[in-house]
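Keep the structure open as you read.

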Amino acid sequence: MNNIIISPSILSADFVNLERDIKRIEEAGADWVHIDVMDGHFVPNITIGIPVVKAIKGITKLPLDVHLMIENPEKYIGAFAKVGADIITIHYEACEDTLKDNIDLIKACNVKAGVSIKPKTSQERLYPYLKDIDLALVMTVEPGFGGQEFLHHCAMKIPKIKELVNDEFIIQVDGGINNITSKICTSLGANSLVAGSYIYGSSDIKASINSLKNIS
């Protein structure tokens, strides 16, 4: 199965050499660049913001897959779209009452819209919005930090979403992805994988990406 979208998370890259590490994944066959934006409120960590995303846009041709792990995403969606985000994923839990408005705002920016759910959130919460979005992101770790272990029970959300969407719909999985857990996810219907430490911690990034795509 080689039509899996691999979106390496730069959370595990060397931020002193970020351009180098983005070019490394681009040359190794990555499909997207996954950018985790954390605000220290929605999740207990702070990462990068709008200026860095703008800078990244200037040094890669890969689509920018921006994952907003932030409160009040409506304040920032337009700015991230303006500096080059190609996909913007927001969290159901961050804007439950205004989720549809936020999805509409992303789409109005001519950007692909995604919605993510944390491990404790049922996939059923996404069902009313599947027709409006391009991507559902199933978190298989608690968001906030890289390098966590894969939560197997979360993967069972994948086939339940898959039953309700067409083949073009993107079911992305993020958290503890490696050459073993990737096969679990893709066998259940996922077609996009986010991996950070597995890719950037490897001595052979191309081989790691190929293993996620199931290419020997």
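This is a predicted model. Start just after helix H6, where glycine 189 takes a positive phi of about 125°. Now step back into H6 itself, residues 181-188. Its buried residues are Thr181, Ser182, Cys185 and Thr186. They cover an arc of only 130° around the axis, which puts them on the same side of H6. That buried set packs against helix H5 (157-162), strand E7 (170-174), strand E8 (192-195) and helix H8 (205-212).

Helix H4 comes next. It spans residues 99-108, and Leu99, Asn102, Ile103 and Ile106 are its buried residues. Viewed down the axis of H4, these fall within an arc of 100°, so they line one face of the helix. Asp101 and Ala108, on the other side of H4, are exposed. The buried residues of H4 pack against helix H3 (77-82), strand E4 (87-91) and strand E5 (112-117). Asparagine 110 follows H4, with a positive phi near 60°.

Turn now to strand E3, residues 64-69. Six of its six residues are buried, so E3 is largely enclosed by the rest of the structure. Leu64, Val66 and Leu68 point one way, while Asp65, His67 and Met69 point the other way.

What does E3 pair with? Strand E2 (33-38) pairs with E3 in the parallel sense over six bridges. Within this pairing, aspartate 36 has histidine 67 as its bridge partner. The chain crosses from E2 through helix H2 (50-57) to E3, a right-handed β-α-β crossover. E4 also runs parallel to E3, joined by four bridges. There, valine 66 is partnered by isoleucine 88. E3, H3 and E4 make a right-handed β-α-β unit.

Conventions
Residues numbered from 1 in each chain as written. Predicted model: local features only at pLDDT ≥ 70, side-chain atom pairs only at ≥ 80, totals over all residues. Heavy atoms only, no water. Buried < 20%, exposed > 50% of the residue type's maximum accessible area, 1.4 Å probe, protein only. Helix = DSSP H or I, 4+ residues; strand = E, 2+ residues; numbered from the N terminus. Arc of directions from axis to C-beta. Contact = heavy atoms within 4.5 Å. Pairing = 2+ DSSP bridges. Right-handed = clockwise from strand over helix to strand, strands pointing away.
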